[in-house]
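Please look over the structure shown here. The report below goes through its confidence, its sheet, its aromatic rings and some backbone details.

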Amino acid sequence: MKWIALLAASMMLLSISAIGQQYSTETSGGAPSPMTPTSPESLGLQAPSATASQQAPSTQERSQGVMMTDQQSAYSAPASMKMTATSPTYTQVIVPPGGYAPNSLYVSYAPQTVVGCNLYANLLLWMKTATSGDIWFYEWYPNGMLQTNFAGSVYYPGWYKRWFFADVPGWHILQYYCNGWSNYAYIYVYGPGGYWVNPTPNPTPTPYPYPYPSPVIYPYQGSSKISVHYQYGSTPN
């Protein structure tokens, strides 16, 4: 009977792979509802090498949603960062399926839209808005969960920036809305094997917290977000 169970499990995995990742589009707080993003697998994206960046937001920047900047800053990057982001480098603009994106979103430096980084890294996000308005920021996690944040209001069209924090290994898809959608940005987060970091206290399914009897909770420094660490272990008898 054991081989029958293994065969059934294999067929289920194949079915899930065939269907592909399911991305949530549910929002709250009055945020506009996004379209389902195109998965990196469907686009044939390869995970770029991790960008070697020692950047980190200042104390003042941690308390701000978006900050005004300029085009020169967005297109400038340390030579070391560009050298480590060429395996491969993506500057293609990926817009919502059948949609129109008047706003632009870049990662690390413009016009890059796909990057890799290590777990717990900080990366700059560069936004070029076509109009003024409220900015809603969207982040799809590797498990398909959507996190939506109100990033603030801008009173002039132009260049703005904010920070991305790599809290979960795997592909992250980013987008924002400001009286119109932006293109997607894709970030692959590298993480050491053996554990999984989830942004919510109640992941589904819940991995067994071994060797600890309960999750170890760390608040992000300077932020109200909570990081919950679970250690993978064997299933209890």
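## Aromatic rings, sheet and backbone

Tyrosine 138 is buried, at 0% relative accessibility; buried means under 20% relative accessible area, exposed over 50%, and partly exposed in between, with a 1.4 Å probe and protein chains only. This is a predicted model: local features need pLDDT of at least 70, side-chain atom pairs count only at pLDDT 80 or more, and totals for chains, interfaces and linings use all residues. Residues are numbered from 1 along each chain as its sequence is written, and side-chain values use heavy atoms, with hydrogens and water left out.

**Confidence.** pLDDT is the predictor's confidence in each residue, from 0 to 100. The protein chain has a mean pLDDT of 74. Of its residues, 65% reach 70 or more. Over residues 1-19, pLDDT stays under 50, and the model has 0 contacts beyond four places in sequence for them. Contact means heavy atoms within 4.5 Å. Residues 199-237 also stay under 50 in pLDDT. For that stretch the model has 67 contacts beyond four places in sequence. Where pLDDT is low, the predicted coordinates should not be read in detail.

**The sheet.** Helices (H or I, at least four residues) and strands (E, at least two) are DSSP runs, numbered from the N terminus. An open sheet holds 5 strands in the order 3-9-8-5-6, with mixed pairing. Two strands pair if DSSP finds at least two bridges between them. Why is one side of strand 3 and of strand 6 left without a neighbour in the sheet? Both stand at the edges, each with a single partner strand. Neighbouring strands of this sheet are turned by 25 degrees against each other on average, direction ignored. Axes here are lines fitted to C-alpha atoms, for helices over the stretch in contact, and angles run from 0 to 180 degrees between N-to-C directions. Strand 8 pairs with strand 9 in the antiparallel sense, over 5 bridges. Tryptophan 171 stands opposite tyrosine 188, which is in strand 9.

**Aromatic pairs.** Rings of Phe, Tyr and Trp (its six-membered ring) pair if their centres lie within 6.5 Å; planes under 30 degrees apart count as stacked, over 60 as edge-to-face and the rest as tilted. The whole structure has 13 aromatic pairs.

| Pair | Centre to centre | Angle between planes | Class |
|---|---|---|---|
| Tyrosine 138 and tryptophan 140 | 6.4 Å | 20 degrees | stacked |
| Tyrosine 138 and tryptophan 181 | 5.2 Å | 55 degrees | tilted |

The pair of tyrosine 138 and tryptophan 181 links distant parts of the chain, 43 residues apart. Tyrosine 138 is in strand 5 (residues 133-140). Tryptophan 181 is in the loop between strand 8 (170-177) and strand 9 (185-190). Tryptophan 181 counts as buried at 16% relative accessibility. Tryptophan 140 is buried, with a relative accessible area of 0%. One aromatic cluster includes Tyr138, Trp140, Trp171, Trp181 and Tyr188.

**Arginine 162.** This residue lies in strand 7 (residues 158-165). Arginine 162 counts as buried, at 14% relative accessibility. It lies over the face of phenylalanine 137, at 4.5 Å from the ring centre. A charge sits over a ring if NZ of Lys or CZ of Arg is within 6 Å of the ring centre and within 35 degrees of the ring normal. Leaving aside neighbours within four places in sequence, arginine 162 has contacts that include Gly65, Met67, Leu124, Phe137 and Ala151. Arginine 162 and glutamate 61 are 101 residues apart in sequence, yet 8.1 Å apart in space, C-alpha to C-alpha.

**Glutamine 64.** Glutamine 64 is in the loop between helix 3 (59-62) and strand 1 (67-68). It counts as partly exposed, at 34% relative accessibility. Glutamine 64 and tryptophan 163 are 99 residues apart in sequence and 9.5 Å apart in space, C-alpha to C-alpha.

**Backbone details.** A cis peptide bond joins alanine 110 and proline 111, with omega about 5 degrees. Proline 111 lies in the loop between strand 2 (104-107) and strand 3 (114-118). Serine 108 is in the loop between strand 2 and strand 3. Its phi is positive, near 70 degrees, in a residue other than glycine. Serine 108 is buried, with a relative accessible area of 3%. Tyrosine 120 also has a positive phi, of about 75 degrees, although it is not a glycine. Tyrosine 120 sits in the loop between strand 3 and strand 4 (122-129). At 31% relative accessibility, tyrosine 120 is partly exposed.
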